[in-house]
Amino acid sequence: MKSYDVAIIGSGPGGYVAAIRCAQLGMKTAIIEKYSTLGGTCLNVGCIPSKALLSSSHHYEEATKHFEDHGIEIPGEIKVNLEKMIGRKQAVVDQTTGGIDFLMKKNNIDVFEGLGSFIDATHIKIEGKDAQEIEAKKIIIATGSKPSTLPFITLDKERVITSTEALKLKEIPKHLIIIGGGVIGLELGQVYRRLGAEVTVIEYMDRILPTMDAGLSKELNKVFKKAKCKMMLSHKVQSVERNGDEVIVKAENKKGDVVEFKGDYCLVSVGRKPYTAGLNAEAAGVKLNDRGQVEVNDHLQTSASNIYAIGDVIKGAMLAHKAEEEGVFVAETMAGQKPHIDYNLIPGVVYTWPEVAAVGKTEDQLKADNVEYKVGQFPFRALGRARASGDIDGFVKILADKTTDEVLGVHMIGARCADLIAEAVTAMEFRASAEDISRMSHAHPTFAEAVKEAALAATDDRALHV
Ligand code: FAD
Ligand code: NAD
């Protein structure tokens, strides 16, 4: 029987990053993945393929709607070749997952293909291509998550689909009905709207992206409405039925009326749930909580002291970079180091266009905590760089403590915000004040100038360009 210092179950961004860090720290490391490709949800059916389709559809929209503004004329009709677009996406995925194979080899990590299940707290049974039993002193559970649904919905995966199927459709829907105006619904909704589908988003809450700052929800809702998406807020879905090629969704609105929507595809994007099926966690003494998450303490240690858990399968935001941070954290903890994660400073990003990004506290959270704060906001349309490229939608909003000026939250919507948020994270990690940011030189002309201007606005209401 092969024996390891550490074995990791699941090869998503949590698991594979943990494996690399364990190997870097001198541990003999194994990783077990039930699928034939490494990388988990993120690389195979999540972050990477969705961003590939967002990029392709963005190019199409630019070509059909905005090239002319720039004096670029394309004779003849511009057409989408969906098969080719999906094929390119798959090539990007294959290249990226192949990169993880390379990293495993480079770091001398043994990869086992098969379903891993606990025999006891130090032994794992692998069923599948590399079937065998292995022993490990320490084990990390990184089994991730799967799409959740509503009890009355039958996901036939043809027309009533999850994100996994939406990433490989064979035709552009005529009318895509999306249940859930969260990250997946909005990113994939925008992809298919750009490609020509009619899109209806049905959201239970009174705003899209309900966990983000309300100002961002409002602004992105405007963008979707401008693109002629139907945004049905405060609608409670009651039934989803398939009739041949038609999908009929019924939802109750605020007044109590039942509204009917008919489309040819329905994307169910109401969140994801932790995945532990087949893991036999009980055999190792690993406890789950009532939400099905693996329960962990502050060291991400489970109820079995030699077993840790990270990523989507435990509490917290279901984000690839959160899983990665936890992978590094656990590897370093096991090596006797004292790592630290500030969960308040894990940024959240929605890769629509304009992009939405945030870190720290929202206005609602500060109000609930009775924190006195000031707001500095700056619109992208006032920036030379934004006007030069034609990306004028959105703003940067900085929330700073009213007394100390410490930055408590940064919320932005606009071009390149997914990258701009890194400046806010850095500043907040160093507990910068709004004035600190406002006194740093930001290259001109850049989108990043909006961060400086918002900081100026927060400092003393002295933005320069509005
Ligand atoms: P996962 O990536 O889910 O990996 C878990 C792995 O464990 C899987 O490969 C699974 O097959 C394997 N596994 C499970 N059980 C076993 C077992 N018993 N034996 C062996 N193997 C097992 N996050 C972002 O930060 N940015 C984004 O842009 C983003 N976009 C997304 C887009 C979509 C459409 C989706 C669905 C998700 C997106 N996410 C994004 C979320 C992100 O994918 C997850 O947060 C991330 O993948 C979680 O990583 P993980 O390592 O915890 O688990
Ligand atoms: P989500 O939690 O982001 O959004 C789900 C939405 O569905 C919410 O707005 C919720 O109010 C709504 N909802 C719930 N029940 C409903 C009902 N009965 N009727 C109508 N609406 C309902 O979940 P998601 O979009 O499915 O994404 C799942 C996870 O994947 C998220 O946790 C997210 O962090 C992650 N993800 C991240 C990214 C990114 O970082 N860019 C992209 C995609 C997915």
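This is a predicted model: local features need pLDDT of at least 70, side-chain atom pairs count only at pLDDT 80 or more; totals for chains, interfaces and linings use all residues.

Residues are numbered from 1 along each chain as its sequence is written, chains are lettered from A and ligands numbered from 1 in the order in which they are written, and side-chain values use heavy atoms, with hydrogens and water left out.

**Entry on ligand 1**

I looked up the residues near ligand 1 (near means that a heavy atom of the residue lies within 4 Å of the molecule) and found 39 of them, with Glu33, Thr41, Lys51, Gly116 and Ala320 as the closest. For Thr41, I noted that an N or O atom of the side chain is 2.6 Å from an oxygen atom of ligand 1. For Cys42, a backbone N or O atom lies 3.3 Å from an oxygen atom of ligand 1, and for Gly116 a backbone N or O atom lies 2.8 Å from a nitrogen atom of this ligand. On its own ligand 1 has 1,000 Å² of accessible area, of which the protein covers 95%; such areas come from the Shrake-Rupley method with a 1.4 Å probe, and for residues only the protein chains shown count as cover.

Which helix gives the largest share of the shell around ligand 1? I found that H2 does, with four residues; helices (H or I, at least four residues) and strands (E, at least two) are DSSP runs, numbered from the N terminus. By class, I listed 17 nonpolar, 17 polar and five charged residues in this shell, where Ala, Val, Leu, Ile, Met, Phe, Trp, Tyr, Cys and Pro count as nonpolar, Asp, Glu, Lys and Arg as charged, and the others, Gly among them, as polar.

**Entry on ligand 2**

Around ligand 2 I found 23 residues, and those that come nearest are Ile184, Glu187, Glu203, Gly271 and Val349. A nitrogen atom of ligand 2 is 2.8 Å from a polar backbone atom of Val349, and a backbone N or O atom of Met318 lies 3.0 Å from an oxygen atom of the ligand. Taken alone ligand 2 exposes 840 Å², and the protein buries 78% of that. I noted that H6 gives the largest share of this shell, three residues, and that the shell divides into 14 nonpolar, five polar and four charged residues.

I then turned to cavities, a cavity being a set of points, on a 1 Å grid over the protein atoms alone, where a 1.4 Å probe fits but cannot get out, while a pocket is an open set with protein on both sides within 12 Å along at least five of seven lines, and lining residues have an atom within 4 Å of a point. How many cavities of 30 Å³ or more does a search of the whole structure find? I recorded one. The largest cavity has a volume of about 50 Å³, a volume being the space filled by probe spheres set on the grid points, which are joined across faces, edges and corners. Among the residues lining this cavity are Ile184 and Gly271.

Key:
A polar contact is a pair of N or O atoms within 3.5 Å; within protein, one must be able to donate a hydrogen and the other to accept it, and residues adjacent in sequence count only if both atoms are side-chain atoms.
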